[in-house]
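Work through the exercises below with the model open. Try each task before you read its solution.

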Amino acid sequence: MQGRKHSCGFTFVEVLIAVLLVGLAVAALMGANQVFTKANAAGADLSTAEFLMEEIRELTTLLPVVDPNTGLATFGPETGETLAGYDDLDDFDGRTFSPPIDADRQALTEYPSFSQHVTVENVSPSNFEQVVPDGTSDFIRVTVNVYQNAQLITSASWLRARY
């Protein structure tokens, strides 16, 4: 077997193909990692927004719908009333909290890019989607929108009956 050569190792073309395949795999992994990082960040933002929405729900759960002293359904805070003195649900109508607040009415300064907007509306007893003039129904719809950098992240509504 004198005329036969045995080559050991890889040819230059084989090495180039292997490098190209490894490079494509690394590029694909980097792209997937970027997508997963963005999805994770969006999930964390949504989780924070849901937490902030629940803080408002917890804060307002035990409050009467209308002023306990006058019985009037004046939507929005009464004259001179501040957050610390809100004594009924309708006081929260139209309020935006930035930074957001917790169920103890304390500012959550660790979330400076988030805000909570509360809307309180009377709704028809026969159609909870139909808004009626303030004080004309025993049913109230509370809507909380949570924003991050002025972009809506989540929104939730619930109904309350006047009691």
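A search of the whole structure finds five aromatic pairs. Rings of Phe, Tyr and Trp (its six-membered ring) pair if their centres lie within 6.5 Å; planes under 30 degrees apart count as stacked, over 60 as edge-to-face and the rest as tilted. The model is predicted: local features need pLDDT of at least 70, side-chain atom pairs count only at pLDDT 80 or more, and totals for chains, interfaces and linings use all residues. Residues are numbered from 1 along each chain as its sequence is written, and side-chain values use heavy atoms, with hydrogens and water left out.

**Exercise 1. Describe the aromatic pair of Phe51 and Tyr111.**

Step 1. Take the geometry. The ring centres of Phe51 and Tyr111 are 6.2 Å apart, with 55° between the planes, so the pair is tilted.

Step 2. Phe51 belongs to helix 1 and Tyr111 to the loop between strand 1 and strand 2, so the pair ties together parts 60 residues apart in sequence. Helices (H or I, at least four residues) and strands (E, at least two) are DSSP runs, numbered from the N terminus.

Step 3. Check accessibility. Buried means under 20% relative accessible area, exposed over 50%, partly exposed in between (1.4 Å probe, protein chains only). Phe51 is partly exposed at 35%. Tyr111 is partly exposed at 23%.

Step 4. Widen the view. Ring pairs link Phe51, Tyr111 and Phe114 into a cluster.

**Exercise 2. Repeat the analysis for Phe128 and Phe139.**

Step 1. This pair is tilted: 5.3 Å centre to centre, 50° between the planes.

Step 2. Phe128 sits in the loop between strand 2 and strand 3, and Phe139 in strand 4. The two are 11 residues apart, and the pair links distant parts of the chain.

Step 3. Phe128 is partly exposed at 35% relative accessibility. Phe139 is partly exposed too, at 27%.

**Exercise 3. Is Thr48 buried or exposed, and which residues does Thr48 contact?**

Step 1. Find Thr48 in helix 1 (residues 12–60).

Step 2. Its relative accessibility is 18%, so Thr48 counts as buried.

Step 3. List the contacts (heavy atoms within 4.5 Å). Beyond neighbours within four places in sequence, Thr48 is in contact with Tyr111 and Phe114.

**Exercise 4. Which strands pair with strand 2?**

Step 1. Apply the rule: two strands pair if DSSP finds at least two bridges between them.

Step 2. Strand 1 (residues 96–97) runs antiparallel to strand 2, joined by two bridges. Phe97 stands opposite Gln116.

Step 3. Strand 4 (residues 139–148) pairs with strand 2 in the antiparallel sense over 10 bridges. Here Asn145 is the bridge partner of His117.

Step 4. Strand 3 (residues 131–132) is antiparallel to strand 2, with two bridges. Val131 in strand 3 stands opposite Val123.

Step 5. Strand 2 (residues 114–123) is mostly covered, with seven of its 10 residues buried.

**Exercise 5. Where does Ile101 lie, and what does Ile101 touch?**

Step 1. Ile101 lies in the loop between strand 1 and strand 2.

Step 2. Its relative accessible area is 4%, so Ile101 is buried.

Step 3. Leave out residues up to four places away in sequence. The residues that Ile101 touches include Glu55, Ile56, Leu59 and Gln116.

**Exercise 6. Which ring does Arg57 lie over?**

Step 1. State the test: NZ of Lys or CZ of Arg within 6 Å of the ring centre and within 35 degrees of the ring normal.

Step 2. Arg57 lies over the face of Trp158, 4.2 Å from the ring centre.
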